[in-house]
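Here's a quick tour to read with the model open beside you. Take it topic by topic and find each residue as you go.

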Amino acid sequence: MWNYEKRLQYPVKITKTCPKTAQLIISQYGGPDGELAASLRYLSQRYTMPVKEVGGLLTDIGTEELAHMEIICAMVYQLTKNLSIEEAKTAGFDAYYVDHTSGIWPQAASGIPFSSTEFQSKGDAITDLTEDLAAEQKARTVYENLLRMIPDPEIQEPLKFLRTREIVHFQRFGEALEKTKSKLNPKNFYYFNAEFDKKMYEEFQRGQES
Amino acid sequence: MDKVQLAIASIPTQSRGAVYEDGKALKTGTLFQDLDMPFFAAIPDKEEVSGPKGLNDREQLLQKINEVSFVINDLTLYLDMHSKNQEAMSLLQEHIRQRKTLLEQFAREQYPLTRDCAEYYPNGYGWNNGPMPWEGACV
């Protein structure tokens, strides 16, 4: 289960209303490479991982992604909480305003709603970990695209933090893939799927031990 | 990583390397200096000293909790993949001890941040006290 802690992992204190910026940053809430998709990806994939430590890592990173989702939502909230109707009209935020006023709703910067089609849980450890490596890189690119466009330090600081986390998570997923590979036959990692062809995987493990 | 094979991704395993102090780690987004790879368009940090300025007592204590807790987050992921690293393990234990003390102090002086430290709050329920984390009062 989860416990809530009444603080953000990284502090957010934005003093200016800017719906345009909110409209861009919201992509990391409900967009294709956003934190919600990241969290659900890892928390969905973990159940069937053949290597226990990798299931543990997915739990811990999936949990951290929830904290990142909260950071992004806090940013969107603070950028729009004092929104005037004039700002809603002029800033390119008008369509969002009509549908959600200044409520926080998971969507991409393009307006496409959040969808679980944005991630996979494939039931194959190598496939899933390779997806996770790519996911961290895609999110890093989004943060860099945002950093190029938004010079305000109040907004840059949390984005910089989140970007670095993508690099750290990439490294950990790489190590998780190495750990998984070490349990498979190095001559052919694809002879069986360790998550589904469990008997073959167990037999292989026994063969390694003896 | 013993050997690089065909048709599969390979990532070198991280050796622990040098670590930042807690404040710098939170500011950077990682405890590990080897994983700090900044992006050109992110404004370079002029002040070397970590942490925001002009904080009141509550905010200072919360900042310290954020720093110590973040080191625990990053070390946890490291230890998930390097469970035999003794140095990382003792650093983790040291920070867990610090965090416990700080959470207790925060509950006594302000309000409980977790339900497990509600027992230290002297004036009743307390879980509704303090600003919500997304209000921006938590720098």
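Helices are DSSP runs of H or I with at least four residues, strands are DSSP runs of E with at least two, and both are numbered from the N terminus. With that in hand, chain B reads α-α-α along its sequence. You're looking at a predicted model, where local features need pLDDT of at least 70, side-chain atom pairs count only at pLDDT 80 or more, and totals for chains, interfaces and linings use all residues. Residues are numbered from 1 along each chain as its sequence is written, chains are lettered from A and ligands numbered from 1 in the order in which they are written, and side-chain values use heavy atoms, with hydrogens and water left out.

**Chain B overall**

- Chain B has three helices and zero strands.
- Of its 139 residues, 46% are buried; buried means under 20% relative accessible area, exposed means over 50%, and partly exposed is in between (1.4 Å probe, protein chains only).
- Take the contacts (heavy atoms within 4.5 Å) in chain B between residues at least 6 apart in sequence: 51% of them join residues at least 24 apart.
- Chain B exposes about 7700 Å², and carbon and sulfur atoms supply 52% of that; such areas come from the Shrake-Rupley method with a 1.4 Å probe, and for residues only the protein chains shown count as cover.

**Salt bridges**

- Over all chains there are 17 salt bridges, each one a side-chain nitrogen of Lys or Arg within 4 Å of a carboxyl oxygen of Asp or Glu.
- Within chain A, Lys138(A) pairs with Asp33(A) at 3.8 Å, N to O. This pair links distant parts of the chain, 105 residues apart: Lys138(A) is in helix α7 (residues 125-149), and Asp33(A) is in the loop between α2 (27-30) and α3 (35-45).
- Lys138(A) is partly exposed, at 38% relative accessible area.
- Lys27(B) and Glu157(A) form a salt bridge at 3.6 Å, N to O. That one crosses between chains, from helix α1 (residues 22-28) of chain B to helix α8 (residues 153-181) of chain A.
- Glu157(A) has 19% relative accessibility, so it counts as buried.
- Asp74(B) meets Arg165(A), with the closest N and O atoms 3.0 Å apart. Asp74(B) sits in helix α2 (residues 57-81) of chain B and Arg165(A) in helix α8 of chain A, so this pair joins two chains as well.
- Both Asp74(B) and Arg165(A) are buried.
- Glu5(A), Arg7(A) and Arg99(B) are linked in a salt-bridge network.

**The largest pocket**

- On a 1 Å grid over the protein atoms alone, a pocket is an open set of points with protein on both sides within 12 Å along at least five of seven lines, and lining residues have an atom within 4 Å of a point.
- The largest pocket has a volume of about 1100 Å³, that is, the space filled by probe spheres set on the points, which are joined across faces, edges and corners.
- Its lining has 32 residues, and Asn3(A), Glu5(A), Arg7(A), Asn73(B) and Arg99(B) lie nearest the centre.
- The elements giving two or more residues to this lining are α4 (52-80) of chain A plus α2 and α3 (86-109) of chain B.

- Most residues other than glycine have a negative phi.
- Thr101(A) has a positive phi near 50 degrees, and its place is in the loop between α6 (94-100) and α7 of chain A.
- Ala7(B) has a positive phi of about 60 degrees and is found in the segment before α1 of chain B.

Technical notes. 1 Å grid on protein atoms, 1.4 Å probe; cavity = no way out; pocket = protein on both sides within 12 Å on 5 of 7 lines; lining within 4 Å.
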